[in-house]
Amino acid sequence: MTFYPPAQVAWPDDTAITFKASRVLNTLYAVELGATPWQTGLLLAMYGLFPILFAAYAGKVADRHGVRRPLYVGQALLFMGVLLPFVVPTSHAMAAVFISAAVGGAGFILSQVAMQTLTGSLADGETRTKNFSYYLLTV
């Protein structure tokens with residue numbers, strides 16, 4: 001099978017960076033809006049909870065529809081999740097931050113599962129191990 005260099009497998013780095021940056025920025029935005037420590041902790045927990053809850057479904061979607069559609073949908077959801085708190089009026093901003101965590105988390109895991117499926121299908125044997133190594137260095 002073909003060996004794919006790191007540059008071709010390294011594309012998912014933008015989703016990981018975007019997701020991690022939105023986690024920090026939304027938390028700081030929630031604190032600026034007057035969130036209590038409990039609300040801040042709940043917000044951070046939602047960034048971990050939604051990817052866990054959505055991972056099995058994302059795998060089924062990637063297996064059923066291939067990698068292209070779940071990857072594009074995941075990117076769109078992540079993009080909407082990042083923009084949501086900044087386009088919603090300030091009176092509803094706290095709710096938007098929590099919805100953003102859910103939407104962004106679902107989009108992130110959908111993109112990541114699709115990229116893992118693609119990385120696994122690119123090769124077999126030792127080359128697959130190398131491809132996953134390069135992929136995991138970017139995430």
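## Basis of the model

The structure is a predicted model, in which local features need pLDDT of at least 70, side-chain atom pairs count only at pLDDT 80 or more, and totals for chains, interfaces and linings use all residues. Residues are numbered from 1 along each chain as its sequence is written, and side-chain values use heavy atoms, with hydrogens and water left out.

## The chain as a whole

The secondary structure of the protein chain consists of six helices and zero strands. Helices (H or I, at least four residues) and strands (E, at least two) are DSSP runs, numbered from the N terminus. Along its principal axes, the C-alpha trace spans about 55 × 25 × 25 Å.

Of the 139 residues in the protein chain, 39% are buried. Here, buried means under 20% relative accessible area, exposed means over 50%, and partly exposed lies in between (1.4 Å probe, protein chains only). Contact means heavy atoms within 4.5 Å. Among contacts between residues at least 6 apart in sequence, 78% join residues at least 24 apart.

## Helix H5 and its partner H6

Helix H5 (residues 93-121) has 29 residues and reaches 41 Å from its first C-alpha to its last, close to the 42 Å expected at 1.5 Å a residue. The expected span is 1.5 Å times one less than the number of residues. Because 21 of the 29 residues of H5 are buried, H5 is largely enclosed by the rest of the structure.

H5 packs with helix H6 (residues 126-138) at an angle of about 150°, with their axes 9 Å apart. H5 is therefore roughly antiparallel to H6. Angles under 35 degrees count as roughly parallel, over 145 as roughly antiparallel, 65 to 115 as roughly perpendicular and the rest as oblique. Axes are lines fitted to C-alpha atoms, for helices over the stretch in contact, and angles run from 0 to 180 degrees between N-to-C directions.

On the H5 side, Gln112, Met115, Gln116, Thr119 and Gly120 meet Arg128, Asn131, Phe132 and Tyr135 of H6. By class, this contact has three nonpolar, five polar and one charged residues. Ala, Val, Leu, Ile, Met, Phe, Trp, Tyr, Cys and Pro count as nonpolar, Asp, Glu, Lys and Arg as charged, and the others, Gly among them, as polar.

## Two residues of helix H2

Val24 lies in helix H2 (residues 13-32). Val24 counts as partly exposed because its relative accessibility is 48%. Its C-alpha atom is separated by 8.8 Å from that of Leu44, 20 residues apart along the chain.

Ala21 is also found in helix H2. With 33% relative accessibility, Ala21 counts as partly exposed. The C-alpha atoms of Ala21 and Gly34, 13 residues apart along the chain, are separated by 20 Å.
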